[in-house]
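Thanks, everyone, for making time this morning. I would like to walk you through one structure, going from the whole assembly down to single residues, and I will give the criteria as we go.

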There are 2 protein chains.
Amino acid sequence: MAQPLNRYKADLRDFRFLLFEQFRLQDLLGKEPFAEWGEDECNMVIDGVYQFACDVTGPYNHIGDTQGCRIEDGRVKTPDGFKQAWDKLWAAGWVMLGKPTEIGGQGAPASLTAVSGEMLSGSNTAFNMYPTLTTGAAEVIEKFGTERQRKLYIGKMTDGTFAGTMCLTEPQAGSDVGSASTSAKALGDGRYLIKGTKIFISGGDNDLAENIIHLVLARIEGAEKGTKGLSLFIVPRIRVEDDGSLGELNDCVVPSIEHKMGINGSATCVLNFGDEDDCIGELVGEVPHQGMRQMFMLMNFARIGVGMQGLAVAGSAYQSALEYARERKQGSSIKHFKDPNAARVEIIEHPNIKRDLLHMKATVEGIRALAIKLTMHQDQLAAVEGKDDVSEAYHEGQISLLTPLIKAYATDQAFRIAERAIQIFGGHGYLQDHPVEQACRDAKIFSIYEGTNFIQSMDLVGRKLGQGGGKNTEALLGDIQKWIGAHQDHEVLGESATILKKAHEAVGACVMQFLGWFQRGEMARIPLASETFLELMSELVVGWLLLDAASIALDKLADTPESHPDHAFYVGKRYAAVYFAHHVLAAIPHRAKMLRASDMSAWEMPSEAFGGL
Amino acid sequence: MAQPLNRYKADLRDFRFLLFEQFRLQDLLGKEPFAEWGEDECNMVIDGVYQFACDVTGPYNHIGDTQGCRIEDGRVKTPDGFKQAWDKLWAAGWVMLGKPTEIGGQGAPASLTAVSGEMLSGSNTAFNMYPTLTTGAAEVIEKFGTERQRKLYIGKMTDGTFAGTMCLTEPQAGSDVGSASTSAKALGDGRYLIKGTKIFISGGDNDLAENIIHLVLARIEGAEKGTKGLSLFIVPRIRVEDDGSLGELNDCVVPSIEHKMGINGSATCVLNFGDEDDCIGELVGEVPHQGMRQMFMLMNFARIGVGMQGLAVAGSAYQSALEYARERKQGSSIKHFKDPNAARVEIIEHPNIKRDLLHMKATVEGIRALAIKLTMHQDQLAAVEGKDDVSEAYHEGQISLLTPLIKAYATDQAFRIAERAIQIFGGHGYLQDHPVEQACRDAKIFSIYEGTNFIQSMDLVGRKLGQGGGKNTEALLGDIQKWIGAHQDHEVLGESATILKKAHEAVGACVMQFLGWFQRGEMARIPLASETFLELMSELVVGWLLLDAASIALDKLADTPESHPDHAFYVGKRYAAVYFAHHVLAAIPHRAKMLRASDMSAWEMPSEAFGGL
């Protein structure tokens, strides 16, 4: 079982600060669609999920990693404890926290659900993939399925009886989804014969649920090539009769699972559909060739989810490193560097360790602020839906624009932060005795799945920047601009606001640069620069949100006695923002300049010149 | 056994370029101390070691990782194949390639040995630790031991009969070596009773050799506190009689080994000395309290060795990614982005993948150039030793100055490069089927052991920069300055030389800044800035060496027909240098400016403000 030092930890104070001090969720509570929700309910959820994460999912994080999944008699066995955690999680209701009440959810705000998700995923990211993929698949059926499909599947996919998956990738079709060759042959009665091999299917088999509902991208015979010819099918592992009872086994087998660098508790499966030409599937809804559109709903949901995984693992690794740095004594203070007999101090007192921790704190809290901002847009959208077109378009636009940022930036940083956490633990960080090396291994997949981070960056520059004639980008940059205007003479944060201003200008210039490249058809420049741009834009947003948090914290600090625990918390907000401004934002203008200079060496060099042929 | 795609690969052409085109090893060959060595001999070594790495050590890299080491009946069992590889390695003579002929070595140049070491370590870095730690320990005994000790131990430690270790770390004494509490009590007959627990001892036990000779740092009773009171002891696992025969088991047990993130084939042991008060050790040499000085000889050797491990693993990961990018087809060329029916291309043709590969190539080849430069200084030192004081001081100074650079920069980059390699493999990179995720896990320890990379950076700024009144630093910066002067009007490289010039000035300004901080006693600024400075200085040196290589390659290109394989190789050298200048060197001036601005947020922030208390 977990050592005390390895117990899952989260900074609940920061959750409450973001929800109720920075983003003012309370303004949306007590009225539709959150009429049932008040601040007290939200706080109870935070406390309840935290306890659940510490007591139920957290203790199986290390076990899941070391045991991993295995195949026995053609079925996947998940690690010890996962089945109990699965049952308890559904019973506790946390999976359905943010889901619509119509499908049995609690209809909680998305921002509160994000906080809950951070704790569930941060305590055991591999385990948490099973329920979140299940509800994601259920939502696709809810949105696009027929009345009959909703009746047949949703209930059992929202109480833990059935699990769900999304099946896109094939051996030859990874990032290039349109190359998928899994086929669907109409049987004439609305059913299809599915045939093909899917790989990298998370939870593709498991022993948690009675049945598994696969959502499978396949091409109906004769449909056009590429993504446009793909349709989405419901393919249950065990066929479901019209009365809801389980029928025969479908022709869908799991020949093997992958041995991975991390997330070992999550079974990554190869799935063979129709080896015996007897795999029955049904179209999601009634219209064929809508597969990509339908899957993209799940993908967008999943991309935000993966960004949250990054935040979750980063947050947990930071808390572990912070706790260790406060306990581990090594060396003496630099204040007494001339005295060999000076007392040993906790390593948090060493400037470089403290700097690393502050870097981690600022990055984690900044990404968390980004996550809450994004989900608050979802909540605000829900509040204005059908009432205010302008506001609706604004919130929708921000969600769309921020999605690739959180997916890619949070996950790239998760790996970095776990790496720093290992370094703070020193040699001990390299051991499986502590949770940070697992965090690092788990985190590596986040930058790859649900669209690699490169694909996110191309989504950002190729679609999102120009969406609605550039309106969403303008709105975001305008919001930042407004903040700068209001704070550039701020007593404490004025200098940092000036740094933010220059970063803001630099990012704006990059946006224009991309526009120019697109207009002139200089296409090769775009993929060379897109990843760096996504990072710069993410840093800009994160730096702004940190400064905004600091300005709120400084206001509150004035009325907070030093003896109150909030005092230290607010002081921390100030330093995190100032640090981030001086160490991260300050680099943006020069990095943007380099990006715009657009050195083309990599494109011009002939591939043979890599040698080794 | 290894899949074809997982076979170890190295770029032998680059080895030959560095040795014979850029650094002109041939000028030192055929005369003392390399009278026995000519170009042909060197090339035979390169080919021979490569074949050995591919056929003998490489195939056990993945097996070593998945099997790991285990304890059976109190003894460590290494993975399958390690014992055979150990025997073959000693028989082939590669371990002793660069060692002095007096102790049975082949007396090869250090630069050639570096190339050999890259291949041995790149093909199986965990395995290669056993022989290199053994010869390292032998060299300490050779240098500081008594005549009797040399006779008793060296022979068997240089033919694979005995293995060796270095035992520094204790649970409470990691980076803070001076806190070691292992004790030594004189028995009056020159022998000592050793008592204490050492941890993180690589190869602390193994089934490869008949006996293991531990070099143990311990404090003789009554000696002063801190590092100055430490002595170094020879503590054999099995006592060695004066006639060289093995006697009784010493009181030294291995209660456990660590379960780690990587280098699983290397047994990381806890060693208990003297649990039964019967652990006999003898002082290395005759003078007590010389432990740190003696150990530091091994440490300096080991630090360069760890830098070489970083290069080795980075080089191997790059070769794997390059090969995969040339085989894997996915998506169509950006040149045909409007045509959904365009042919699928190898992913190396995608600009971002090509850019990643070029980044990896430039970084790996630049670090390799740094490694060869450093070891060429060792060779040149050997050639002038006792003949030319000025030249001797110059080469010694450069070795000393470049040691922390290669240790820290090569190992930080190894992790980054393995990470990029995983990303190029996509989801497949996350699987144990390919060698890149192991490379990433193996590499993480390099930034920690033999002095963390932070400690390297403090060694650089606190000791090395100012060594000899700053003479070594001046000499290095002067060498770069000279190159700039000669190349700033270069037709192809002139623009890059100008970028180098600005980077050079910026690094010079940082050196002065550190001097100022030291002089004014602003000590806390130093550890906040040292790691970034080490990186900037390393990038400067690496960028310079890449540009130097490119200028040589461009000269040769003029006489190389396009049909000759060297043509592509030389073109690659040009692009690697120009890329590195525009993407890495170009950032140095701004990063140096930020470093010098020396934001102190992290130091000023009270530790309580991290919250979570």
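Predicted model: local features only at pLDDT ≥ 70, side-chain atom pairs only at ≥ 80, totals over all residues.

Residues are numbered from 1 along each chain as its sequence is written, while chains are lettered from A and ligands numbered from 1 in the order in which they are written.

How is chain A laid on chain B? A turn of 180 degrees, with a shift of 0.0 Å along the axis, does it with an RMSD of 0.0 Å, the superposition being by least squares on the C-alpha atoms of residues with pLDDT of at least 70 in both copies. The two copies are thus related as by a two-fold rotation axis. Within chain A, the residue that comes closest to that axis is A:His590, whose C-alpha is at 3.4 Å.

As for the interface, 77 residues of chain A are in contact with 77 residues of chain B, where contact requires that the C-beta atoms of two residues, placed from the backbone, lie within 7 Å. On the side of chain A that touches chain B, the largest share, 9 residues, comes from helix α16 of chain A, residues 565–583; helices here are DSSP runs of H or I with at least four residues, strands are runs of E with at least two, and both are numbered from the N terminus. That side of chain A divides into 36 nonpolar, 25 polar and 16 charged residues, with Ala, Val, Leu, Ile, Met, Phe, Trp, Tyr, Cys and Pro counted as nonpolar, Asp, Glu, Lys and Arg as charged, and the others, Gly among them, as polar.

Let me move on to helix packing. Helix α2 of chain B, residues 39–57, packs on helix α5 of chain B, residues 110–123, at an angle of about 10 degrees and with the axes 9 Å apart; the axes are lines fitted to C-alpha atoms, for helices over the stretch in contact, and angles run from 0 to 180 degrees between N-to-C directions. These two helices, α2(B) and α5(B), are therefore roughly parallel to each other, a label given to angles under 35 degrees, whereas over 145 counts as roughly antiparallel, 65 to 115 as roughly perpendicular and the rest as oblique. Their contact has 11 nonpolar, 4 polar and no charged residues.

Helix α5(B) also meets helix α9 of chain B, residues 351–384, the axes coming within 7 Å and crossing at roughly 145 degrees. From α5(B) the contact uses B:Ala110, B:Ser111 and B:Ala114, and from α9(B) its residues include B:Ala371 and B:Asp379. By class, this contact has 5 nonpolar, 3 polar and 1 charged.

Which elements surround helix α12 of chain A? Its buried residues pack against α10, α13, α14 and α15 of chain A together with α9 of chain B. A residue is buried if 20 or more other C-beta atoms lie within 10 Å of its own, exposed if 12 or fewer, and partly exposed in between, with C-beta atoms placed from the backbone.

B:Ala302, in helix α8, is buried, with 22 other C-beta atoms within 10 Å, and beyond its neighbours within four places in sequence it contacts B:Gly136 and B:Glu450.

Last, the backbone. Most residues other than glycine have a negative phi, and most peptide bonds are trans. The bond from A:Glu32 to A:Pro33 is cis, with omega near 0 degrees, and that from B:Glu32 to B:Pro33 is cis with omega near -5 degrees. A:His289, although not a glycine, has a positive phi of about 65 degrees, and sits in the loop between β12 and α8 of chain A. B:Ser598 likewise has a positive phi, of about 55 degrees, in the loop between α17 and α18 of chain B.
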